Every structure is written in structure tokens, then in C-alpha cells.
Amino acid sequence: MTTKELAAYFKKHLVPDKFYKIGGSRKNRICMEKHKNGWDVYFDDNKKHIGTLHFADEASACAGMKNEIRKMMEAFYGLTWADSAAI
């Protein structure tokens, strides 16, 4: 899965934009950024990166972010998608 596919997946599953930021950092969101040595997924709390997960490639980072958003959707709304591994 690519970041473009992940964004389309979130849109299809009605994930609010206020929950995430792909390709950068934004306050109070789960963020995913590409770095020289891989990808990071984290929660941005006033420019502090909390719970940073490091991934070697884009597909792994997308799967990690998808799982974190799935947990957030379940916690906030009691809703989630059935198979977090499906594209």
C-alpha cells in the first residue's frame, strides 16, 4: 500500500481528516513522515512526537498507520473496519 492508496482508504472508510496527517506533521493528529532512513508514524502533541513507530518502507508504515487509525476509530466511535490487513 502507498500513501496515496492509504489516503483513499481512509476517505472510503469515512475517517475524519482531523485524525491524521500523511506526509508531514500536524498538531493533535497521528502523522506519517518519510525520513532518510525510513518512515515514522507518531502522534503529534504540540510538536512532541509521542509513541513513534519506525518502519523501513512505505508499505509497512502505511499498515502501521492504518492500524493506529483503526484503534482510534474504535475508541472514539465504536466502529472499525473488519480486516485491518486488507487494502
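Let's start with Ile30: its bridge partner in β3 is Phe43. Strands here are DSSP runs of E, at least two residues long, and helices are runs of H or I, at least four residues long, both numbered from the N terminus. One caution: this is a predicted model, where local features need pLDDT of at least 70, side-chain atom pairs count only at pLDDT 80 or more, and totals for chains, interfaces and linings use all residues. Residues are numbered from 1 along each chain as its sequence is written, and side-chain values use heavy atoms, with hydrogens and water left out.

Back to the strands. Seven bridges join β2, residues 29-35, to β3, residues 38-45, and the two run antiparallel. Two strands count as paired if DSSP finds at least two bridges between them. Another pair here is Met32, which stands opposite Val41 in β3. A hairpin of two residues links β2 to β3.

Now the other side of β3. It pairs with β4 over six bridges, again in the antiparallel sense. Val41 faces Leu53 in β4. This is also a hairpin with two residues between the strands, and Asn46 in the turn has a positive phi of about 50 degrees.

How buried is β3? Six of its eight residues are buried, so the strand is largely enclosed by the rest of the structure. Buried means under 20% relative accessible area, exposed means over 50%, and partly exposed is in between, using a 1.4 Å probe and protein chains only.

Four strands form an open sheet, in the order β1-β2-β3-β4, with mixed pairing. The edge strands are β1 (20-22) and β4 (48-55), each pairing on one side only.

Next, a residue in β2: Glu33.

Glu33 does have a partner. Its side chain makes a polar contact of 2.5 Å with the side chain of Tyr42. A polar contact is a pair of N or O atoms within 3.5 Å; within protein, one must be able to donate a hydrogen and the other to accept it, and residues adjacent in sequence count only if both atoms are side-chain atoms.
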